[in-house]
Amino acid sequence: MSSAKTERLVNLTMALLATPRYLQKSEIFRKVAGYTGSQETKERMFERDKDDLRSMGIEIEVASHDPLFEDEPGYRIKKEKFRLPIDTFDAEELSILSTALGLWSESGLSALTENTARRLGASSDSAEPLNSYSKDFAFDAEGLVELSRALAARSSVTFEYRKEGDSQAELRNVNPLGLSGWRGSWYLVAEDLNRRDIRVFNLTRVVSAINISNKRNTYEIPSDFDLRDYLIMYRKNDIRVEALIRKGSANEIRVKASSISEPKETRLQAEWDLVTYHAESLESALREALWFADVLVIKSPESLKVQVIDSLKKTLVQHG
Amino acid sequence: MVENAALRALRLLDLVPFIVRNSGISIRDLAKEFGVSRDEILKDLNLLFMCGLPGYTPLELIDLSFDDDTVVVRDPQNLDAPRNFTESEALALRVALSALVEVTPVGHRDHEKIQRLITKISSAFTSEIPEGAINFVADREKQVLTPIEQALANEQDLEIVYLNVSTDVSSSRHVSPIALEIFENRRMLRAFCQTAKGLRTFNLKYILSAKLVDRSSVDVVCDQQENPSIKAILNISSTGTEFVRGNDRVMKKIADSFDGNTYEIEVFQPEWIVRAVIREGGEAVLNEPTAIRRAIADRCSTALEQYGVIG
C-alpha cells in the first residue's frame with residue numbers, strides 16, 4: 001500500500017529537516033518511522049526514498065560524519081534551502097507573479113507552475129491578474145517545456161534536427177546551456193556533444209520528440225555564460241551606450257533600454273535618468289543621439305560623445 | 001506506484017504550510033486549490049495525523065483538526081513555511097518574468113515593478129543557471145498586429161497608445177482602422193483618428209499597445225486635411241544620402257552643384273525638420289525658413305551647453 005511510503009517520505013523529510021547535524025543511516029533507521037524489515041530492505045528503501053525526494057527538487061546534503069574517520073556518510077536537509085526564502089509579497093507583486101506563471105498555463109508546465117503559484121499565494125484564485133498586454137502571447141512552443149526541464153536538471157537531450165537548407169534531419173545529442181525567446185521564436189543554445197562545439201538550434205526545426213536523459217547534473221553552465229555571444233541577432237558590432245536622458249523624454253530610446261537608473265550625481269537626479277541601451281552601430285548611435293540632442297547626453301563610449309559634440313558644433317556653425 | 005507515493009508526499013508537505021497560511025479553509029476549497037478530489041484531501045489529512053518528528057508522541061506529531069467547513073493546523077512542527085522553488089520552477093518563473101517585463105513598455109508603471117520583483121527574487125535565490133542563459137525579446141509589432149487584424153476583419157475600432165517620435169510624446173488615441181500597408185519594410189496602419197478627427201498613418205513600430213473597442217458612432221469622414229505644411233529649402237551634401245533616401249517622397253531637387261544638391265521639402269511638423277537636420281550631423285543645411293534655421297542653431301547650442309555642464 002503506497003500510503004505507507006508516502007508517510008515514510010514525509011517523516012524522513014521532517015526528520016532530516018529537524019536535525020541540526022548530519023544523520024547517519026543507522027540513526028535514520030532507528031529514529032524515523034517506517035523503516036522496517038531486514039538491513040538490506042531498509043537500505044534499499046532509503047536509497048529509493050532519497051532518489052525520490054531529490055527528483056522532486058528537495059536537496060539532501062551528504063557529508064562524512066567526522067572528517068577524521070572514514071565512517072558512513074550523514075544526511076540532512078538545510079532549512080534555508082528547503083523553505084521559500086521570501087515569505088512576503090505585496091498584492092502587486094503577487095499579481096505580477098500570478099500573471100507571469102500564468103503564461104505557462106497552456107503548456108505542459110502548467111501543473112508545475114500552478115503549484116509554484118499556490119505556494120507563493122499567487123494562484124489564479126487568490127491574486128488579481130495584471131491588466132495587460134500579456135494576454136496575446138503564451139509559452140506554447142513545441143519542445144520548450146522539455147528543454148526547460150532539461151536545463152533545470154542539467155541533463156543532456158537528444159532530438160532530430162533539420163538544419164536550414166538540409167532535406168534530412170540528423171540526430172543531435174546536446175547539453176542545453178540557455179534558452180532565448182526572440183520575436184516569437186525560441187532558440188536553444190547548447191553544447192553539441194558529437195561536434196564538441198556550442199551550437200544554436202531553432203525550436204521549430206526540431207522534428208522529433210525531445211528525449212531527456214535520466215542522469216541529472218551531468219554538466220555545469222559557466223557562471224559567465226551569455227547566450228548573446230552565440231546568437232547572430234546580437235551582432236558583434238552592436239554597441240552599448242550609456243547616456244543621461246531627461247526624465248519623461250526620448251521614449252524611443254527608453255523602449256529599448258536595458259536599464260534605467262538614477263544618475264550617481266545628486267544634482268542630476270531630479271531631472272535626469274541614467275539609461276543604458278544598445279545600438280546597431282556607432283553610426284546609428286550617433287544619429288539617435290543627435291535626433292535627441294536636446295534631451296540626451298552621451299556618457300559613453302567616449303568616441304561617440306566626441307562625435308556628437310563635433311557634429312553639433314558643425315551644424316551650429318552652418319546655421320549660425 | 002512509487003511515483004504516486006512521492007508526488008503525494010510532496011502534496012502533503014505542501015498542504016501543511018498552505019493550511020497554516022489559510023487557516024480555517026474548507027475541505028472543498030482545499031481540494032480545488034490542490035486540484036484533487038475531496039476524498040483524496042480527506043485521505044491526505046488523515047495521513048498527516050500520523051506524520052511528525054522522531055519520537056512520534058503527540059508532542060512531535062503534526063496536529064490538525066478539521067470538519068467539512070474548516071481545516072486548522074494547530075502545530076505544523078517544522079512544516080510551517082512554504083517549500084522553496086525547485087530549479088525547474090525557478091527557471092519557469094525567470095523565463096516568464098523576463099518575458100513579462102519585455103512586453104511591458106518601459107515607462108509603464110508595471111515595468112518598474114516587474115523589474116524590482118526580478119531583482120528581489122534573483123537576490124533571494126541562488127541558481128545554477130546564470131543570468132545570461134535566459135533571455136526574451138518580444139515581437140512588439142506582432143503583438144499589436146493581432147488586434148489590428150481583428151479590428152479590420154470585424155470592423156471594430158482600436159484604442160492605441162502611439163509614440164510620436166518627432167515630438168517624443170506618447171498619446172492615447174481612438175482610431176478606426178482602414179488598411180494595413182507595407183512601406184519600405186515598415187508596416188503602417190492607415191486609420192481615421194477619432195481623437196484628432198482626421199486621417200492618419202501610424203508606424204506599427206511605435207504603436208505601444210492596441211486594444212479592441214466597439215466602433216464609435218462617429219462617422220469615418222474622409223477628411224484629408226492634415227496640418228498645413230510649410231516649404232523648406234535644404235542643401236544636402238553629396239555624402240548625405242541617408243536623408244534623401246528616407247524622405248524622397250516629400251522632397252524635390254531644385255538645383256545641383258559639385259558638392260551637393262538643393263532640395264525643396266514639404267514639412268508637416270517643424271519639430272521634425274529641426275531634429276532631422278541635426279541628425280545628419282552636418283550633411284544637411286537648412287536655408288529657409290529662417291525661423292527654423294534659427295531653431296536648429298538654438299537647439300545645437302542648448303545641446304552643447306548640456307554637454308559642457310553635465311556631459
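A salt bridge here is a side-chain nitrogen of Lys or Arg within 4 Å of a carboxyl oxygen of Asp or Glu. By that rule, Lys5(A), Arg8(A), Asp49(A) and Asp52(A) are linked in a network, and the structure holds 38 salt bridges over all chains.

A word on the source: this is a predicted model, in which local features need pLDDT of at least 70 and side-chain atom pairs count only at pLDDT 80 or more. Residues are numbered from 1 along each chain as its sequence is written, and side-chain values use heavy atoms, leaving out hydrogens and water.

| Salt bridge | Closest N to O |
|---|---|
| Glu47(A) and Lys25(A) | 3.8 Å |
| Glu92(A) and Lys113(B) | 3.2 Å |

The last pair crosses between chains, from helix H5 (residues 91-102) of chain A to helix H5 (residues 109-124) of chain B; helices are DSSP runs (H or I, at least four residues), numbered from the N terminus.

For burial, buried means under 20% relative accessible area, exposed over 50% and partly exposed in between (1.4 Å probe, protein chains only). Glu92(A) is partly exposed at 35%, while Lys113(B) is buried at 13%. Arg21(A) is partly exposed at 38%, and Glu27(A) is buried at 8%.

Now to the nonpolar cores, sets of buried Ala, Val, Leu, Ile, Met, Phe, Trp, Tyr and Cys residues joined through side-chain atoms within 4.5 Å. The largest has 70 residues, and Ile298(A), Leu312(A), Ile207(B) and Ile273(B) touch the most other members. Apart from it lies another core of 67 residues, including Leu97(A) and Phe201(A).

How values were computed:
Chains lettered and ligands numbered in written order. Helix = DSSP H or I, 4+ residues; strand = E, 2+ residues; numbered from the N terminus.
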